[in-house]
Each structure stands twice: as C-alpha cells, then as structure tokens.
Amino acid sequence: MNIDPARGLVLRLPNPLGDFCSSEPLVDALYEAFRARGAERELALAGPLGWLELLSGRFAGARRIALPASGAEGPRLYARPAGGAPVGVALLLPGSLRSALAAFRARVPRRIGVARDGRGWLLTDALRPAAECGAASRGNAAKRSWSRVLPQPPQRAYADLAGRLGLGVSDRAPRLRPTADVQARVDARLLSDVGERPFVLVNAGGAPGSPKSLSPAEAEPLLANLARELPEHALLLATAPAELARGAELHERLTRRLPGRALLGFADRAALPAELLALAHRAALGVTTDTGPLHLMRAAGLPRLCLIGPTDPRHSAAYDPELELRLRLELPCSPCQRGRCPLEGPDERRCLRGFDAQDAAAQASALLACRPAERASGS
Amino acid sequence: MVRAPNWVGDLVMATPVLHAAARHPGVERLTILLRGHLAPLLSGGELEPFVRGLGEGESEAALYRELAPDGVLLLTNSFGAARRARAGGVPVRAGAALSGRRWMLTRALVPPRIDGRRVPVPTARLHADLAGLVGLEVPDLHPRLDVPADAAASLGRVLEGLELAAGAGYVACAPGAAFGAAKLWPPEHFAAALDALFEQRGLPGLLFGAPAESAILAAVAEHCEHPVRVVPETERSLGRSSALVAGAQLLLVGDSGPRWLAAAFDVPCVSVMGPNFPELTATSLEHARIVRHAGLDCAPCLERCCPLGHHRCMRELPVAAVLDAASELLGPCGVRA
C-alpha cells in the first residue's frame with residue numbers, strides 16, 4: 001500500500017445501507033493492510049451511526065466516526081485525533097459533492113473519490129467512472145447519444161479507488177456478522193416464537209408508492225404461494241419501525257388468507273440493521289425487492305429471491321449468483337431508475353406488479369437446495 | 001453477432017457473455033464470429049451451433065455484409081475490428097472505446113480512468129460490461145467450457161501412447177506463452193517445480209502447448225530429472241488441450257490462455273505472472289493462485305520482451321513460491337480427489 005505511514009486515513013463510508021454493506025470487502029482489505037503495518041489506529045471508519053454497528057466486533061483497532069442521520073459532515077471529520085497522526089488521506093466512497101467538499105475544506109492532502117456531479121476539482125485522485133455512450137439499450141428505452149455512468153455494483157468502483165493506494169480488494173461477496181449479544185437477543189426471540197422451525201425472512205417494508213417495493217396487497221399473492229410451497233416454514237415479516245403499518249397490514253392479510261400458518265411480524269425486533277442481519281443469519285430463505293435489506297441478506301450469505309423493478313439490474317449484480325434468484329420483467333420502460341412511476345393505469349408499476357406469483361414462489365422454494373453447508377449446520 | 005476475442009484466454013473469459021447471448025430470448029439469430037483455429041474450444045456444448053470460424057484470408061467485412069446482422073458486439077478491442085464491422089455495414093456496433101476507435105462505434109463503453117490513465121479492469125468484467133451495451137445481463141463471470149466427446153476420446157489414446165494409465169493423475173504444464181518472451185518462466189524453473197511435485201505427490205508432469213512451442217517444451221523436459229511426458233506436436237489441438245486440462249490434478253502454467261481452461265473446468269491452477277497487471281485477470285480465482293515477484297518497480301510493464309533486459313520479474317520468481325501455492329490448492333499431502 002503506497003500511503004505515508006506517518007499519516008492517517010479516513011475512510012468515508014457510503015450512506016445508503018446497500019452501498020455500506022457492499023463496502024465490507026474494501027474495509028476488510030484496508031484494515032488488514034494497516035494492521036500488517038501495526039498502524040490500525042491510523043485508520044478511521046466514518047459513516048452513519050446505525051450502519052457502523054454492522055461492523056461491531058470487527059476492525060477493532062480502527063477508529064469509528066459516527067455521522068448523524070442527516071448525513072451532515074464538515075471539515076471536523078478530518079481533524080487530527082488526540083494522540084494520533086494527522087489525516088493524510090480521505091478515501092471517499094460516497095459520490096456526493098458535500099463529502100468531497102468537507103475533505104477539501106479540511107485540506108486533507110490526498111482526497112480520493114469518484115469524479116462526478118462536478119466534484120472532480122475537489123479531489124486529488126479523481127476516478128472517472130466507466131461510462132456507456134451511444135444508443136444505450138437500457139434506461140427507459142431512451143436512445144441517447146451522450147454518455148452516462150455505467151451502472152455497476154458500487155463494490156467495483158470501491159475496488160478501483162483502493163487501487164490508487166496500491167491496495168488489491170478481492171472481488172467477493174460482502175460478509176457481515178452481528179455481534180454475539182445481538183445474535184443471542186434475536187435467537188432468544190426466535191426460539192420463543194418459532195422454536196426450531198425454519199423460517200422465510202420477508203422484507204415487508206418499503207416507502208408507500210415507491211416503485212421499488214410491493215404494497216401489502218401486491219405482496220400477498222406471492223407470499224401465500226410461497227407458504228403453500230414451503231409448508232414447514234414460518235413466514236417472518238420484517239419491517240423497520242417507520243414501516244410498521246405496512247407490515248401490520250400484510251400480516252393481517254396473510255393471517256386471513258392462511259389461517260393456522262405461523263406468521264410473525266418482527267417490526268419491533270428488527271429495528272436495527274444489526275438485528276435484521278441476525279435474522280438473516282438464521283433464516284432459510286429471504287424474500288425482498290432491490291432495497292437495503294437485500295444487501296443485508298447477501299452479507300449473511302442467505303439464499304434469496306429478489307424482485308427487481310425499476311432499477312438497472314447491473315447496479316445490484318450479485319457476487320454469489322448461485323444464492324440469488326433475480327426476477328425481472330423485460331419491459332420497454334424498464335429500467336427507468338425513477339423514484340415514482342410515471343405511468344398510469346395497468347402499466348403503472350408493472351415492472352414489479354407483473355410477476356407470476358405462483359411461478360416466483362415455486363422458483364424461490366427451489367433455492368432452498370442452494371443452502372450453503374455452514375448455514376445448514378447452523379453455525 | 002458477437003465478434004469473439006482472438007486470444008485463447010480472452011475467448012474463455014468471454015464464455016459467460018456468449019452463453020448469455022445464446023440464452024437471451026431477445027436474440028433471434030446469433031452468430032459467434034471467431035478465428036477458425038479457436039472454434040474447437042467452443043465445440044461440444046451449447047455454443048457450438050452458433051460458431052462461425054473465420055478462415056485464413058477470409059474477409060471479415062465481407063462476412064458481415066453476407067450475414068447482415070442487426071448489430072455486433074465487439075469483444076476484441078482493436079481498431080481493425082471496429083473498422084471491419086463498419087466497413088461491413090453493421091448498423092449497431094458496440095464495443096470498448098479503446099485504440100482510438102470510439103468514433104466508429106455506435107455504442108461504446110469508456111473504461112474508468114484516473115489522471116487520464118486507464119484503470120486496469122479484469123477482462124471478464126469488461127466483457128460483461130460490454131454485453132450490457134446490447135441489453136445482455138451476465139450474472140456470473142465464471143467461464144464454462146465443454147469437452148467435446150471426440151477430443152476426450154482422442155486424448156485417451158494420446159495418454160495411452162505416453163504410457164499414462166487411464167485415470168492416473170498428472171500435472172499438466174503449459175510453459176509457453178503466445179504473448180511473448182516476457183511472460184516465460186525459465187524452463188529450468190518449470191522443470192524444478194515438476195520434479196518437486198513428482199517427488200511430493202507422485203504426479204508425473206505432462207507438457208503441452210501450441211505447436212509452435214515445441215522448443216520450450218523440449219527445454220523443460222530436458223531439465224527435468226524425473227521422467228515427464230510431452231504431448232506430440234501433432235496431437236496438440238486446442239480441443240485436446242482443453243480435455244487434457246479438464247483431466248489434470250493441477251495445471252502449472254505461465255500467464256497464458258491455458259490458465260483459463262483450468263478456470264473453466266474448476267481445475268486447480270498455479271500461474272506464474274510477470275509483466276502483466278494482476279488486476280486484468282483477477283476473476284475466477286477460487287481454484288487459482290497467481291504467483292508474482294512483488295516489489296519490482298518495473299513491473300507490470302506489459303511489454304512482450306523485457307525492455308530492461310534483465311527479466312527479473314520471471315527469472316527471480318522462486319520455485320518454492322510455486323510449490324507453496326500448489327500445496328495451498330492440493331493440500332499438504334495427497335492429491336485432489
């Protein structure tokens with residue numbers, strides 16, 4: 001690694017949960033490089049507080065800098081720590097202007113990041129990401145002659161950035177584990193609710209109206225079919241606290257449709273990403289759309305069904321494709337990458353609503369055969 | 001149409017894209033265009049019906065005009081490949097914006113750059129990104145090949161002729177490199193590694209390579225103290241080499257095409273790398289170990305011959321490092337089951 005050992009490095013981790021999870025191989029490689037030099041204290045991991053907990057129990061020697069939920073950050077992020085070396089390198093994984101500006105204003109000598117959104121001039125090492133030009137076939141069927149950033153998993157750009165430090169990052173799936181106490185807490189609840197019974201972890205959350213998530217009415221047929229395919233399995237509906245009403249509605253619908261089936265709402269128990277991660281480590285199968293929980297399931301090595309709606313599948317390509325069933329409808333409007341579907345009537349959100357629930361459930365149940373040995377043994 | 005790469009390794013790395021194209025419901029008529037001598041690599045499997053080999057002296061542009069494809073995905077990065085597709089009147093030409101050919105492409109992928117210099121991207125990844133230009137999703141970068149039944153059968157006869165019993169283990173060794181002398185590990189190093197593997201594991205060496213590499217094979221065999229087998233020049237077809245690697249316990253190879261044959265068959269492989277960027281081939285490493293001389297300022301130079309004349313990146317690469325890598329793959333003792 002070609003950095004000055006007398007200087008510290010701040011790794012600014014991404015804000016979106018999925019991107020954060022995807023950065024684990026880089027954090028691991030970076031930490032090992034510092035540890036090999038006995039300088040792990042000179043490495044600082046800066047990121048959203050809730051997400052940093054996902055790294056608890058690992059990278060113990062590295063400093064943690066928790067950022068507020070608002071994502072606000074300033075030059076103080078790069079202040080010299082008490083008894084530590086001044087910060088010599090800011091490795092910026094977010095692509096925001098604000099993160100680059102903070103490092104620039106702090107006068108960090110080396111600022112490494114992706115050159116986009118007009119922030120290239122703030123960086124000393126500006127990576128110009130791969131771009132596709134011409135009549136790109138994806139992107140709302142729009143034939144454009146100008147170039148746009150190539151959709152790709154964030155992990156790739158992170159590895160390219162690490163290359164500036166002479167650091168090789170292995171091209172592998174991210175791996176995260178909850179701390180023993182979080183796992184024990186979740187296990188205790190699981191034992192009382194489902195006993196030793198296997199369960200399917202369902203991401204039942206999502207912002208209302210978001211084209212990336214299914215409404216309770218839309219999720220119901222898929223989950224009902226899945227319950228029929230997997231009669232031995234309980235269904236565990238996990239939502240964040242803010243999505244409690246949505247989870248409750250889905251729970252109610254499924255209870256009516258599947259009387260006598262073990263259904264669990266886990267909203268109050270999956271308030272933290274670390275708890276959702278702990279659930280993913282115990283589940284037999286995951287069901288989700290292309291949102292943050294997908295990446296937690298991946299990081300737990302959980303076989304999963306992922307329904308892809310308006311997003312470009314290249315953004316979320318899996319590093320362990322044998323464990324992921326990705327269903328996506330080829331539609332002329334997809335992928336549009338929009339936060340709201342611009343269409344109305346039967347075409348509205350068809351990219352996510354148009355799946356054959358029975359077929360999807362049958363394919364997902366076949367995934368159970370892909371269960372890795374270490375998961376099957378419960379370790 | 002897909003214009004497949006001209007190098008063995010690159011072609012094998014392109015197989016995930018070729019499979020994705022063959023299976024995509026939106027591709028009504030697929031042709032995989034490649035140099036004729038590479039066609040046997042894709043024989044015996046799903047891709048064979050789509051292969052169209054280019055004969056010696058055959059005009060690629062004329063072939064484009066004859067076949068009149070709707071579009072061509074160029075997995076070769078040369079200026080000439082784009083020029084020929086354009087001259088052939090192919091309306092959609094998708095490829096990497098390299099070698100000054102961007103203006104000839106209708107869909108182009110611009111690789112990442114930093115400080116104006118290209119960031120090394122694994123070739124398999126580049127192929128998958130290029131496939132995205134024509135709407136193909138490539139879920140897995142791991143290459144896959146099939147061994148044609150006739151190649152497997154004829155290999156059996158060859159091995160019999162070399163007095164290698166059917167089912168007996170061997171270490172396949174391809175010491176040559178079509179790229180150039182800079183990629184060659186000295187023959188005496190290969191020989192020492194093969195001798196050590198024979199002593200440690202009882203696995204005889206089996207030398208193979210392109211027909212033009214006979215002198216290198218002979219040099220390795222000459223330095224070996226234990227008997228090694230050399231596949232006769234007339235028997236070294238690509239299809240047979242493919243079958244030979246598929247049946248090996250281990251492949252010992254330079255940074256050359258056969259490394260990717262091992263990846264395609266999940267055969268353990270130790271590859272010695274000199275002047276190349278390790279990032280360019282940093283995929284499918286599950287059963288592979290890349291052994292390099294770390295800490296040389298001049299490497300990677302990407303030159304075909306060492307511009308400094310010392311060739312330290314390969315000459316100073318120790319045999320012990322290769323044997324350690326082999327032990328990692330095969331275990332401390334015994335052979336692969």
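In this predicted model, Leu296(B) sits in the loop that runs between strand S14 (288-292) and helix H11 (312-315) of chain B. Because 16 C-beta neighbours lie inside 10 Å, Leu296(B) counts as partly exposed. Once its neighbours within four places in sequence are left aside, Leu296(B) is in contact with Arg312(B) and Cys313(B). Glu188(B), by contrast, is 108 residues from Leu296(B) in sequence and 22 Å from it in space, taken C-alpha to C-alpha.

A residue of chain A can be described in the same terms. Glu324(A) belongs to strand S14 (residues 324-328) of chain A, and with 23 C-beta neighbours inside 10 Å it counts as buried, since 20 or more are required for that class. Apart from neighbours within four places in sequence, Glu324(A) is in contact with Arg304(A), Cys306(A) and Ala318(A). Between the C-alpha atoms of Glu324(A) and Leu352(A), which are 28 residues apart along the chain, the separation is 17 Å. The two residues are set out below.

| Residue | C-beta neighbours inside 10 Å | Class |
|---|---|---|
| Leu296(B) | 16 | partly exposed |
| Glu324(A) | 23 | buried |

**Chain B as a whole**

Chain B is built with twelve helices and 14 strands. Its radius of gyration is 20 Å, close to the 20 Å that the globule rule gives for 337 residues, so chain B is as compact as a globular protein of that length. The C-alpha trace of chain B spans about 60 × 50 × 35 Å along its principal axes, and 51% of the 337 residues of the chain count as buried. Of the contacts in chain B that link residues at least 6 apart in sequence, 61% join residues at least 24 apart.

The largest nonpolar core has 209 residues, and those with the most contacts inside it are Leu11(A), Val200(A), Val171(B) and Ala172(B). For Val171(B), leaving aside neighbours within four places in sequence, the contact partners include Leu194(B), Leu197(B), Leu203(B) and Leu206(B), and also Ala248(B), Leu250(B) and Leu252(B). Gly205(B) and Gln249(B) are likewise in contact with Val171(B).

**Where the chains meet**

The contact between the chains takes 22 residues from chain B and 25 residues from chain A. On the side of chain B that touches chain A, strand S6 (107-110), strand S7 (113-114) and helix H5 (123-132) each supply at least two residues, and the largest share, four residues, comes from S6(B). By residue type, this side of chain B divides into twelve nonpolar, four polar and six charged residues.

Which strand of chain A pairs with S6(B)? Strand S7 (residues 131-134) of chain A does, in the antiparallel sense and over four bridges, with Ala131(A) standing opposite Val110(B). This pairing is part of an open sheet of eight strands with mixed pairing, ordered S8(A)-S7(A)-S6(B)-S5(B)-S4(B)-S1(B)-S2(B)-S3(B). Strand S8 (148-149) of chain A and strand S3 (51-54) of chain B stand at the edges, each with a single partner strand, so one side of each is left without a neighbour in the sheet.

**Confidence in chain A**

The mean pLDDT of chain A is 86, and 90% of the residues score at least 70. Within chain A, confidence is highest in strand S5 (residues 110-114), at a mean of 96, and lowest in helix H13 (residues 373-376), at a mean of 50.

Key. Residues are numbered from 1 along each chain as its sequence is written. Chains are lettered from A and ligands numbered from 1 in the order in which they are written. This is a predicted model: local features need pLDDT of at least 70, side-chain atom pairs count only at pLDDT 80 or more; totals for chains, interfaces and linings use all residues. Two residues are in contact if their C-beta atoms, placed from the backbone, lie within 7 Å. Ala, Val, Leu, Ile, Met, Phe, Trp, Tyr, Cys and Pro count as nonpolar, Asp, Glu, Lys and Arg as charged, and the others, Gly among them, as polar. Two strands pair if DSSP finds at least two bridges between them. The radius of gyration is taken over C-alpha atoms; the globule rule is 2.2 Å times the number of residues to the power 0.38. A residue is buried if 20 or more other C-beta atoms lie within 10 Å of its own, exposed if 12 or fewer, and partly exposed in between; C-beta atoms are placed from the backbone. A nonpolar core is a set of buried Ala, Val, Leu, Ile, Met, Phe, Trp, Tyr and Cys residues joined through C-beta atoms within 7 Å. pLDDT is the predictor's confidence in each residue, from 0 to 100.
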